[in-house]
Amino acid sequence: MQAEGEDDAPPEERFARSDFTAGGSDQLSFSKGDKLLIHAKPSSDWWWAELLGVRGYVPASYLQEEEEEEEASLEDPWQDEEYFGSYGMLRLHLEMLSDKSRTEAYRQVILSNSASLRSKVVMDLGCGTGIISLFCAQLAQPSVVYAVEASSMAEYTRQLVKQNECQEVVTVLQGRAEEIELPEQVDVLVSEWMGNCLLFEFMVESVLLARDRWLREGGVMWPSSAAFTLVPCQADRYYAEKMAFWERPYGLDFTPLQPLAKQEFFTKPKFSHLIEPSECLSAPSDVICLDMYTIQVKDLEEIRGQFHFDVEKPGVFHGFTAWFTVYFESLQTGGPTVELNTGPNAEPTHWKQTLFMLDRPVSVYTGDSIRGTIVLRRNPVWRRHMSVTLHWNIDSTLQMSCCTLCSDMVAVLS
């Protein structure tokens, strides 16, 4: 598809000054800070633009010129006021502490390594209410735990440490990981940094910077590694709720609203999705793996993976579901590894899973092959945001003929 007036001239770059959700199938959704390529300006109000290989009309008033991007960068690209403000309130901490799978996994890590933690120096980065630090103090005997928290919750964490009589072991430090000063290097760096799709919010950058600065040679990272898992799936209930609903509500034809529904509900990922194992069309696959000892901050800008799924049963391919698993190595050689799995075959966590819907469902059959690539790309301006790009094709041998269907999907996490 090409816009009227589009020519071969080099496209102009523009930056989104705010979020925009497309209201039609020929419009393009984007988030604040995204860089778009402008191919044509058919009117003063609507321009023909491209974002991550996808083209569509965008409102000109939502864009700013490249030279104005420096002015935008004077704002906080990390959005720390909003981010740390949310962690200064109890709502998120209640959600995390109520997640027994998450919290018990960290407790089990401390408990199973209690003997090895004796006299060790520990940093608990992004400690929140200090639950992991308190586990360390009560279940093991480290020499000291530095509980680091940038939000205002740190004031209450000090009270909780004193209330639980752990002040001789736990020292609470308020500040960003990049700015705090410790009197010594640490033997263990533990943090619960994971977000939706593993990396969203990119707290992991602070963890890596703290690792490089404060973890002694031979020290241990908890989590020690992480895997991002993907599976092609059915999503009949969600599709019926958001798309099929418009076919005949109350006996009326509302199908003209389906393109709008697709733009509104399917162009961004569905967080807090719970997939049933029976909805998986194949065995899941770890498409991205992170080694927390070797990955560098620069590696976070773009992380790529590949996948190849063999369809195990006939069904309707509605999209991909993603989750993650993190692993905690033992301090003892040959000791057991503890894992925290957020997938459908484990106990539910507050992360649940993330669903990426296709533009339209596709019928698949046993023996079909779904293969492609995934790219997690960090927003170049707003550093806690990212996009997920999936390029996939289906190879089918149905009816003794080979058919290949290709498509792309771009989802923005902001």
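## Two strands side by side

Strand E15 (residues 315-328) and strand E16 run antiparallel, joined by four bridges. Strands here are DSSP runs of at least two residues (helices, H or I, need at least four), numbered from the N terminus, and two strands pair if DSSP finds at least two bridges between them. Phe-328 has Val-338 as its bridge partner in E16. Keep in mind that this is a predicted model: local features need pLDDT of at least 70, side-chain atom pairs count only at pLDDT 80 or more, and totals for chains, interfaces and linings use all residues. Residues are numbered from 1 along each chain as its sequence is written, and side-chain values use heavy atoms, with hydrogens and water left out.

Now look along E16 (residues 338-341). Buried means under 20% relative accessible area, exposed means over 50%, and partly exposed is in between (1.4 Å probe, protein chains only). In a regular strand, side chains alternate between the two faces of the sheet.

Glu-205 sits in helix H7 (residues 203-214). Why does Glu-205 count as buried? Because its relative accessibility is 12%. Its side chain makes a polar contact with the side chain of Arg-378 at 2.8 Å. For a polar contact you need a pair of N or O atoms within 3.5 Å; within protein, one must be able to donate a hydrogen and the other to accept it, and residues adjacent in sequence count only if both atoms are side-chain atoms. Leaving aside neighbours within four places in sequence, Glu-205 is in contact (heavy atoms within 4.5 Å) with Trp-78, Val-297, Leu-300 and Arg-378.

Glu-302, in strand E14 (residues 302-310), is partly exposed, with a relative accessible area of 35%. Its side chain makes a polar contact with that of Arg-304 at 2.9 Å.

## Where domains 2 and 3 meet

The chain is split into domain 1 (12-64), domain 2 (80-192) and domain 3 (229-285 + 313-413), with bounds from an automatic or database domain assignment. Nineteen residues is domain 2's share of the contact, and domain 3 brings 12 residues.

How many salt bridges are counted between domain 2 and domain 3? The count is one. A salt bridge puts a side-chain nitrogen of Lys or Arg within 4 Å of a carboxyl oxygen of Asp or Glu. The side chains of Asp-80 and Arg-384 meet in a salt bridge (2.9 Å, N to O). On the side of domain 2 that touches domain 3, H4 gives the most, with seven residues.
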